[in-house]
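Opening the notebook on this one.

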Amino acid sequence: MTNQMQHVSGNTKRVTPHPSHPDRNPESHYRFASKILALSGILQSTLEINELLALFAKEIRQFIQYDGLTYNFPSLKIDIKLGDQPANNCAYELVVAGDHLGDLNFFRSYPFETSELEMIENLLAGLLYPLRNTLLYQRAVESATIDPLTGVRNRAAMDSAMKREIGLALRHKTPLSVILMDIDHFKSINDRHGHLYGDQALKAVAQCAEQSVRESDMIFRYGGEEFLILLTGTDLSGAELLAERIRQNIETMSPQTDKAIQMTVSLGVTTLIQGDDINSLFQRMDNALYRAKDAGRNRTVIDKAV
């Protein structure tokens with residue numbers, strides 16, 4: 001293990017599952033090992049990463065005083081922040097059997113003592129295996145809901161998210177808008193350059209759109225060369241602005257592949273109104289996209305019925 005610093009700029013200590021309580025008394029060691037085992041049992045009650053970290057944060061307060069913690073696992077886009085983040089921290093890289101399980105930071109307004117750092121490292125032993133199980137579950141869920149070609153969410157994930165978000169928006173009377181995006185003349189790209197280049201162009205458009213939206217927005221591959229973007233908490237004017245930003249970013253992105261394929265998209269935009277269900281919302285969105293394509297493509301059309 002490398003030296004552990006107590007500041008934001010400090011080094012990160014690697015933690016693997018080899019707990020050893022600083023108190024050498026056998027009876028005390030046994031009691032502490034039992035507590036770690038009990039902690040691990042509590043944490044195994046969930047496979048949801050946010051709930052897991054919240055449980056861990058709650059349980060370890062009986063051993064260590066701290067103001068907040070953060071957990072980061074970039075490959076699954078997990079970034080959790082609980083509590084405050086004052087100047088002093090201790091940072092840990094979590095590892096099991098060579099597998100990186102993310103980075104965990106504890107924060108508080110005054111420095112951690114050496115004995116407290118040793119205590120934290122031992123407590124982390126109770127987190128590692130439940131955390132690994134949770135991450136394996138999260139990966140399985142992601143693989144079932146992610147389109148393997150483009151890396152955005154798939155149709156199954158879209159159906160579930162649409163039902164959930166429409167229900168919430170109608171219940172709480174909050175705005176919700178949708179964008180349906182279609183790649184212009186995509187069939188001709190496949191016909192002229194082959195499906196390999198078509199796949200590369202499809203992936204490039206999806207990535208450009210994903211980089212154009214906010215973290216709270218959700219983008220799905222609706223089918224073929226069509227993508228749906230779900231905008232919670234966004235009214236029609238905000239959705240129109242975002243659609244135009246996506247259209248312009250795709251139009252101006254660098255040509256794709258050595259074939260210099262230039263891409264444009266057409267977009268239809270609408271927003272949820274009282275009395276809507278999934279079918280009525282999709283019909284207006286689809287009609288708006290049809291009008292964008294019929295008017296010459298590479299444009300955004302807003303649903304006029306709203």
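Before anything else, a cut-off: I call a residue buried when its relative accessible area is under 20%, and exposed when that is over 50%. I also remind myself that this is a predicted model.

**Entry 1: R284.** Is R284 buried or exposed? I looked up its relative accessibility and got 11%, so R284 counts as buried. R284 sits in helix 8. Which side chain does the side chain of R284 make a polar contact with? I found D303, at 2.9 Å.

**Entry 2: helix 8.** I took the helix that holds R284 and checked its length. Helix 8 runs over residues 278–294, which is 17 residues, and at 1.5 Å a residue these should span 24 Å. I get 24 Å between the end C-alpha atoms, so the two agree.

Next I listed what is buried in helix 8: L281, F282, R284, M285, A288, L289 and A292. Their arc around the axis is only 165°, so they lie on the same side of helix 8. On the face turned away from that buried side I noted the exposed residues N279, Q283, Y290 and D294.

What covers the buried residues of helix 8? My list includes helix 4 (155–172) and strand 6 (176–183), along with strand 7 (218–223), strand 8 (226–232), strand 9 (265–271) and strand 10 (300–302).

I then looked at both ends. At the start of helix 8, D277 brings a side-chain oxygen to within 3.1 Å of the backbone nitrogen of N279. Just after helix 8 comes G296, with a positive phi of about 125°.

**Entry 3: helix 6.** Helix 6 has 18 residues, and from first C-alpha to last I get 26 Å, close to the 26 Å expected at 1.5 Å a residue. Its buried residues are Y197, G198, A201, L202, A204, V205, A206, C208, A209 and S212. The elements covering them include helix 5 (186–193), helix 7 (236–252) and strands 6, 7, 8 and 9.

**Entry 4: the largest pocket.** I get a volume of about 1200 Å³ for the largest pocket. How many residues line it? I count 30, and those nearest its centre are L76, K77, I78, E142 and R153.

Note on methods
Residues numbered from 1 in each chain as written. Predicted model: local features only at pLDDT ≥ 70, side-chain atom pairs only at ≥ 80, totals over all residues. Heavy atoms only, no water. Helix = DSSP H or I, 4+ residues; strand = E, 2+ residues; numbered from the N terminus. Expected span 1.5 Å × (residues − 1). Buried < 20%, exposed > 50% of the residue type's maximum accessible area, 1.4 Å probe, protein only. Arc of directions from axis to C-beta. Contact = heavy atoms within 4.5 Å. Polar contact = N/O pair within 3.5 Å; in protein donor to acceptor, adjacent residues only side chain to side chain. 1 Å grid on protein atoms, 1.4 Å probe; cavity = no way out; pocket = protein on both sides within 12 Å on 5 of 7 lines; lining within 4 Å. Points joined across faces, edges and corners; volume = space filled by probe spheres on them.
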